[in-house]
Amino acid sequence: MRPLDRRTVLKGVLGGAAVSIALPPLEAMMNGNGTAYAGGAAFPKRFGVYFWGNGVLPERWTPAGEGAAWTPSPILMPLAALREHLTVVSGTRIATLNTRPHGSGPAGLLSGDNMTGEGFSRASIDQIIAGTIGGETRFRSLETGVQRSDESLSYAGPMQRNPTESDPYALFNRLFGEGFRAPGEMTMADPRIGLRRSVLDAVTAQGGRLRSRLGATDRQRLDEHLTAVRGIERQLQRLEENPPNLAACRRPDAPPAEVPDLLGRPDMPRRARLMADLLAMALACDLTRVFFHMYSQSVNNTLFGAAPAGHHQLTHDEPGDQPLVFSILQLIMADLATFLTALRNVTEGDGTLLDHTLVLCTTDCSFGRTHALDEYPIVLAGGASAGMRRNLHLRARGENATKVSFSILQMMGVRATEFGVGPGRVTEGLGGLVA
Amino acid sequence: MRSLTASMLLWVALAGCEGVTPPTPVDAAAPDDVPVAPYVPQAATLRRLTQSQYANTVHDLFGDAVVVPRALEPDTSREGSRAIGASEASLSPRGAEQYQDAAYAIAEQVLRDATRRAANVSCTPTGPDDAACAATVVRALGRRAWRRPLTDDEVNALVAVAMRAATTLTDFHRGLEYALATMLQAPDFLYRVELGADAAGERRFAGYELASRLSYFLWDGPPDDALLDAARDGALDTEAGLTREVDRLLAAPKARRGLRAFVTDWLQLANLDALSKDATVFPSFSADLGAAAREEVLRNAEAFTFDAEGDFRDFFTTRETFVNRRLAALYGVQFPRRDAPLTEFVRVTLPTAVPRRGFLGSVAFLALEAHPVSTSPTLRGKFIRQQLLCYNIPAPPVNVNTAIPEPSPSLRTLRQRLERHMSERSCRSCHITLDPVGLAFERFDGIGRFRLDDNGAALDLSGTLDGRAYSDEMQLYAALHDHPLLPECVVERLYRHAWANVETGEQRSEIVRLRTAFAASGYRLRTLLRDIATGPAFRRARAPEATDGGAP
């Protein structure tokens, strides 16, 4: 079958009624065996961070057995059905200073440096990767969450934090509301897109008039602002083009406007499922290739399940071997399984979306009670197309955790020769992780 | 001598604690009557409008009925201040999208509503492409939206946007929507462009920039036409004219907005939005309690500052407060109407029988500084030390066992359990300054409801605050009221709020001036606001670091 000529397809629209027209089967866009687009372009490689707050219980976190002969630990049991997609990296440590409980850990792993002031001093790994693979999609990256919060650990640079969207309805509207078209949906050309672009041009020009009067610090902030404005221009440009022809992409159902609490407790499993489905479809429709999914924020005091106190309080106050914290961690892992399963359930060619997405799953310390940063909890999921070895327990005792970050950069195609600074700096990845 | 005494007393009280440190008084080296070095201004950077400033600006420009989208870039707090966060943080890509969505939503409301259109479009267009009429509208809107007159270049650029859109859509007013959407997305709207003019090696604020600086400080919103006219006429650049305008701003109802912005930041009231409590432990908790608790504090602060013009310290001991029917039920006071809407607040006098007084007896403090299921003496004590007395509280050390023993026959109250926990030396050095203060409030549970005991055991509420002993929370209120650091701390917080900078020793003379005047006024907050706004330091900034002048 002849491949589609992209230019024969009607131009897109803002706010017009979407109409479906008959198209040749979407397989026309693929090669013979369905592993890639016609013309040989592979399915896009995606990367995401999946983060939860308040650490783990290290003794019940680390799997038994090493290498391929591993057994999921008690905390990881909810992920057992996904084990062929996982590599658990244990034993690494955050080498940068541990001065900020719940802050030094993620800053060390994700940016390679300790926090300065109240934020990261450098870009986080998701934004570094977005700089390489985020340029072709409508959204350079998405920052999403499950717990109601706009807190974030995604930094484009110091003082450049990307707030989290944790409202499923708002996320749906942003991704699949006005302007979105599933493959095969066409609309009549809308002149308002061009007008909006002329507005952005005028905003940028006005920014230029102001810029010349500013000092260096303000210039940089204004430049970052204007870069964000250019990001919107790119989004409008994408709306004028054909949607990518990805077979798995479809317009999802709108989530409810509110996800009500249950007796004063957030309905985390339901929130997690709604966000997972939206994010999976955002990736399947190639709206973005990079995400930071903040399941729960650092120091969150969420009331989980039937726990008699908030999560953070229990990690510190619960005596003994902390059975309540343990049960909360199992709930968190069950919601992580929901997320990874949502990716696995999307078929792409002869693989799945999870095969084409590398997910770094981590938290803010190892032992929540003491804020320790050795034995840092790291699970890597998916990543087959990025060349990650899977179904492993990789024991890397005493290694710098940033070696994992460096390996991820390499697998995602970032041309980096180093990652991190000071004691967090590494120039090589973690052995055994890359196929 | 007052401040010196206070700091000496604190060092004695805290001997042995390596962690918690009292504020470093900017005049620690000398009492107030010794001459101090001249004021050295700090650099001023662009301040992006906070969420409340954005909404206030839109409402002042186009009327309170205009719906401002709530999804905007969140405020960032730095050094405990949103003002500082607004002067440091960069806008995220998501934030730019949200500003775009908001700009079109507002522009449509302004230009498609007949009344608002008439208020903003003074000419009758001869057709979609009436550039002269568009220029008239853009000039008038621009002066208020950008808080200064527009240059001809700027007017021409905006008219060009309007004309292109009007021609494409064959509608003059639709075209104007695009010009207004441009204005609302421009940095000149989204940032307070207060750069100052070069003068004697530093920067001085005057005219329109000073008008903006004053109105966002005192009103949390943009200058009105009268203030812009005063800027144009040079009135703001005379002491008499400046004082007249500051007094006018402080007398206007919008000054309450300005106070609300500061108090919300200072007392961390925004956190009440996310107040979450276990409904099985606290059956009287409802999702609207946090909003009610915040409104109570803000109304009280307004009444103190603008109606009674009372001693700011009485804010911590007063029996007067404002309640809606939710709070009335929790406080055990009568509310006149059983079915009143929750937005209806009335002024009440709290009963003498319950030791609930002032801010520290409010749900805002007691529920926010607590856990979802229980009280937290540590959080309550930390709030008093950090927010009200300006102590530095370091993060807890790593690798310590933080577990609190379970209740048992020998450890029945939280105080007993915490004391066991404090036997660890590395914890004790800091917690000894936090927990005992918080334990004085143990007669109020995790949402601020009064109770007589904890777990069936009698409560010991006694302690010592920086040398002054108290036997219960009532005496602690009084101790805090008289604490010399309380007014000093609020001056420091207000300095950060007004200047968007953390004060250093180089600003000591201004801090001392404000503090002295504050005390002399009998601790009137309104006087303090006036002293800041009329003082020369508020009009000065350090020149920004040199730029390379390069292209972006």
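**Helix crossing and nonpolar cores**

In this predicted model, helices α6(A) and α4(B) cross in a right-handed sense. The pair is formed by residues 216–239 of chain A and residues 93–112 of chain B, which pack with their axes 8 Å apart and at an angle of about 70°. Angles of 65 to 115 degrees count as roughly perpendicular, and α6(A) is therefore roughly perpendicular to α4(B). At the residue level, α6(A) contributes A:A228, A:V229, A:G231 and A:I232 to the meeting, while B:P93, B:G95, B:A96, B:E97 and B:Q100 take part from α4(B).

Attention now turns to the nonpolar interior. In soluble globular proteins, nonpolar side chains tend to be buried together. Here the largest nonpolar core comprises 109 residues, and A:A280 and A:A284 have the most contacts inside it. The element giving the most to this core is helix α7 of chain A, spanning residues 268–284, with twelve residues. Leaving aside residues up to four places away in sequence, A:A284 touches A:L246, A:A248, A:C249, A:V346 and A:L353.

Terms used:
Residues numbered from 1 in each chain as written. Chains lettered and ligands numbered in written order. Predicted model: local features only at pLDDT ≥ 70, side-chain atom pairs only at ≥ 80, totals over all residues. Core = buried A, V, L, I, M, F, W, Y, C linked by C-beta atoms within 7 Å. Buried ≥ 20, exposed ≤ 12 C-beta atoms within 10 Å, placed from the backbone. Helix = DSSP H or I, 4+ residues; strand = E, 2+ residues; numbered from the N terminus. Contact = placed C-beta atoms within 7 Å. Axes fitted to C-alpha atoms, helices over the stretch in contact; angles between N-to-C directions. Parallel < 35°, antiparallel > 145°, perpendicular 65-115°, else oblique. Left-handed = near helix turned anticlockwise from the far one by under 90°.
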